[in-house]
Structures are given as C-alpha cells and as structure tokens.
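Good morning, and thank you for the time.

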Amino acid sequence: MFRICTIASSSKGNCSFITDGETNILIDCGIKINELERFCLTNDIKLSEINAVVITHEHIDHICGLKSLSKKIQPKIYCHEFVSKHINERLNINLEYDNVDMNGFRIGNIDVLPFRTSHDAIFPLGFTFVEGDKRVSIATDLGVVNESIVENLENSNMAIIEANHDRQMLIQGVYPTMLKRRVIGEMGHLSNDDSARLISHLAEHKLRKVILAHLSENNNLPELAYSTVSSYLHKNEKLKDIDIEIEVAPAKEPCKFLEV
C-alpha cells in the first residue's frame, strides 16, 4: 500500500512524502528542517527512516532544505546529472548525488520512473512510483501538458497534480505583465482548467485520488481549484459512476494522507 501527502506546497516551499510502509521517500526538500522534523514527529516517523530524496528541479523552493537535512542524516539524493552542480552552487554545498536514470531506478521496494516536464528549469522532472500493480505520480511546475506527460501519468491510481492559478485572477491581478506571461506560458504553471482537463482524462485511466498542489497564494483559492476540478469530473459522462477523491494541498502545512 502506498501513502502519500504534501508537507508543503507553494512557491515558498515544496516537499512531499511517499511511503509503502518500509521505504520512505521525499519528493523535493524545499522546507526548513524543523518543519520536516515536526511532520515526522506528528506521523511517528523517525527522520533517520527517510531513505531518499528525489529532486524534480533546482529552483530554491524545491531544494533549500537539503543542506540542513544532509547535516542531520545522509539519505540518498537523486537528481539528474545536469542539475546536481547547480544545486551545489545555489546552496554553497558539496553534496554527492545519485543520478536519475531516465529509464527508471529503484529505491527499496519502489520502482521510480522519471519523465520530463515543461518548466523554466534546467531539466525538470515528474515521477511515477510503482510497486506491484499500484502507481502513484507527481507532476507539478509544468506549464503545459504534452503527450509524453499524459502517457507517463496514465494508469496512476493516485497523483499529485499542479493547479496553480485561476487564469482570470492572474490576468486581473497585481503581477507585472512579464511575470503573468511567465506563469501562463508553456514553461510556467498549470491553471485550474488545465489541471481539471488532465485529471478528468486520467480518471478515465484508473486515477481515483488526487492532491491539487502548488496553488498560487495570489492567483488562486483552494475552493476555486477544488470546484473547477470537481466540475470537470462531473461533466465527464464516462465518470458518472466513479468517485474521485480530491484533496487540496495547503501551502505551509501537510495535507492528509491519501492511500492506495
């Protein structure tokens, strides 16, 4: 059985946790060590029981906790070889990394399948975690959903999917024009509608539980993200007899665990 949750999910810090009960993995580590320790304590997990960290990309809100974590414990840290030196330069550290094999690799009992995403980073990645017939995926910080991303997410039972902004809130909001273009662009972030269309499609291919993640604090609302996705699911005739559990990730605290 997989259990997954976000520990923090916003432009100020991102970190998620997945476990099968034996192998414990962080996806990114963009939070302070005391936040991670608080999460572990609350959920009866020893910090030393974290086996690995997989890095999606080198932006600071996804990596800033690596330095403190590496001083406490020595988990394996997986990132693509194009990215590792940039992380060390950005954090002024000299960590060693395990290279992400794009053909897939294994952490404990879990097979990890990386895939490319579209974001303004050096080599951004999403991940699918597989054990037996269970699949859990994460895809955030992606400006566009292409065929390859869809193929990698299909047949996942559970997923963390970005729902960053409401397009109208963004357009009418206070961001400067250049930043608005970045967010909306193909290397920016997914809107609620983009996320809803993707989730509706994935729900036709085994997805039954989803966490909406990386919501903008300025250009979105949790209830708006939820209602947009829920509306798309209800309008999909192929899903009329299927229940999809939707959880919205808080920005600065853990969401509830989803299980499959």
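Let me begin with the lining of the largest pocket, whose residues divide into five nonpolar, nine polar and four charged. In this classification Ala, Val, Leu, Ile, Met, Phe, Trp, Tyr, Cys and Pro count as nonpolar, Asp, Glu, Lys and Arg as charged, and the others, Gly among them, as polar. The model is a predicted one, in which local features need pLDDT of at least 70 and side-chain atom pairs count only at pLDDT 80 or more, while totals for chains, interfaces and linings use all residues. Residues are numbered from 1 along each chain as its sequence is written, and side-chain values use heavy atoms, with hydrogens and water left out.

A pocket here is an open set of points on a 1 Å grid over the protein atoms alone, with protein on both sides within 12 Å along at least five of seven lines; a cavity is a set where a 1.4 Å probe fits but cannot get out, and lining residues have an atom within 4 Å of a point. Points are joined across faces, edges and corners, and a volume is the space filled by probe spheres set on them.

The largest pocket holds about 290 Å³ of space. Of its 18 lining residues, S11, Y175, R182, H189 and H214 lie nearest the centre. Helix α7 (177-184) gives the most to this lining, with three residues. Helices and strands are DSSP runs, numbered from the N terminus: H or I of at least four residues, and E of at least two, respectively.

The second largest pocket has about 160 Å³. Its lining divides into six nonpolar, two polar and two charged residues, and helix α9 (residues 222-235) provides the largest share, four residues.

As for cavities, the count comes to one of 30 Å³ or more. Among the 13 residues lining the largest cavity, N14, C15, S16, I138 and T140 are the closest to its centre. The space in this largest cavity is about 70 Å³.

Finally, which residues of helix α4 are buried? In α4 (residues 84-91), these are S84, I87, N88 and L91, where buried means under 20% relative accessible area with a 1.4 Å probe, protein chains only, and exposed means over 50%. They cover an arc of only 95 degrees around the axis, which puts them on the same side of α4; the arc is that of the directions from the helix axis to the C-beta atoms. On the other side of α4, K85 and E89 are exposed.
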